[in-house]
Amino acid sequence: MANKLSGMTLAPLALSAAAMDNKSTNQALLSIYHQLLTHYGPQNWWPAEAPFEVIVGAILTQSAAWSNVEKAITNLKSAKALSPRALRQLPLSELARLIHPCGYYNAKALKLKSFAYWLDNHHADDLNRLFATDTNHLRPQLLSIHGIGPETADSIILYAANKQIFVIDAYTRRIINRLGLAPDSNSYAAYQALFMNNLPADASLFNEYHALLVCLAKNVCRRNNPLCQQCCLNNICRFGSVASVLTY
Ligand code: SF4
């Protein structure tokens, strides 16, 4: 995906544990992005046919593997239930049955219905109307809906509305911490500010960056036994350099 950084090349940087100034942090984040993009290539997120499907996926993926979310969405499509109106009309138990593969199906059925009713009540089921809302107002609106927290709201804003916001998840926190770039606070807002205050405001960059971090975390920077020797960030990672020393 083309973004403001396409075509730029940056040399790898050595990251320090201490707080870095804004310029150093900016360079470090850009270097990480370019190394990930060079290694893995564009991720083409979000894997969905339409914005409403992105929203449903963002809700269903909470505490669930994406492969199971895909099964649930396939069930919804087969039942012609992948629309706000259909979700409202479906009995709660039937909706829970359809999304059973992604776990927490009773709670998630309620969340889907809550969003569908909210969208009708506030925006007449019109996603274009919803997405025309400024991000500073859109985000608190989404957060007011039952079952939508910061990560889900930001996934909707970035991947469905195509607006500039960085999504933070457990994968992102893990990688940033291991790289030695953790912010002073452990809050969602602090991690989000790390990216948004130090990168160009570019939705396609934020889209690709988050997807690449997820790719790295799933394939290499695993919670247990990360494969640091195979990692494309090994040359700039504090955790990776310590792990390499311990390995020899
Ligand atoms: S070098 Fe190891 S700890 Fe660092 S990002 Fe790569 S896999 Fe994760």
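## A loop residue with positive phi

Asp125 sits in the loop between helix H6 (105-123) and helix H7 (127-131). Helices here are DSSP runs of H or I with at least four residues, strands are runs of E with at least two, and both are numbered from the N terminus. The phi angle of Asp125 is near 65 degrees, a positive value in a residue other than glycine.

The model is a predicted one: local features need pLDDT of at least 70, side-chain atom pairs count only at pLDDT 80 or more, and totals for chains, interfaces and linings use all residues. Residue numbers start from 1 along each chain as its sequence is written.

Trp46 belongs to the loop between H1 and H2.

## Domains

The chain is divided into domain 1 (3-44 + 169-198 + 217-247) and domain 2 (51-160). These bounds come from an automatic or database domain assignment. Between the C-alpha centres of domain 1 and domain 2 the distance is 30 Å.

Two packed helices are described by the angle between their axes and the distance between the axes. Axes are lines fitted to C-alpha atoms, for helices over the stretch in contact, and angles run from 0 to 180 degrees between N-to-C directions.

Helix H1 (residues 22-40) and helix H12 (residues 203-219) have axes that come within 10 Å and cross at roughly 65 degrees. H1 and H12 are therefore roughly perpendicular to each other. Angles under 35 degrees count as roughly parallel, over 145 as roughly antiparallel, 65 to 115 as roughly perpendicular and the rest as oblique. The crossing of H1 and H12 is left-handed (the near helix is turned anticlockwise from the far one by less than a right angle; clockwise would be right-handed). From H1 the contact uses Tyr33, Leu36, Leu37 and Tyr40, and from H12 it uses Glu208, Tyr209, Leu212, Cys215 and Leu216. Residues are in contact if their C-beta atoms, placed from the backbone, lie within 7 Å. By class, the residues of the contact of H1 with H12 are eight nonpolar, no polar and one charged. Ala, Val, Leu, Ile, Met, Phe, Trp, Tyr, Cys and Pro count as nonpolar, Asp, Glu, Lys and Arg as charged, and the others, Gly among them, as polar.

## Packing of H10 and H12

H12 also packs with H10, at an angle of about 75 degrees and with the axes 9 Å apart. H10 and H12 are therefore roughly perpendicular to each other. On the H10 side, Tyr171, Thr172, Arg174 and Ile175 meet His210, Leu213, Val214, Leu216 and Ala217 of H12. This contact of H10 with H12 has six nonpolar, two polar and one charged residues.

## Packing of H2 and H3

The axes of helix H2 (residues 51-60) and helix H3 (residues 66-78) come within 10 Å, crossing at roughly 135 degrees. H2 and H3 are therefore oblique to each other, and the crossing is right-handed. Glu53, Val56, Gly57 and Leu60 of H2 meet Val69, Ala72, Ile73 and Leu76 of H3. Six nonpolar, one polar and one charged residues make up the contact of H2 with H3.

## Surroundings of the ligand

Of the 14 residues around the ligand, Cys221, Cys228, Cys231, Cys237 and Gly240 come nearest. A residue is near a molecule if its C-beta atom, placed from the backbone, lies within 6 Å of it. Helix H10 (170-179) and helix H13 (238-247) are the elements that give two or more residues to this shell. H10 supplies the largest share, three residues. The shell around the ligand divides into eleven nonpolar, two polar and one charged residues.

Technical notes
Contact = placed C-beta atoms within 7 Å.
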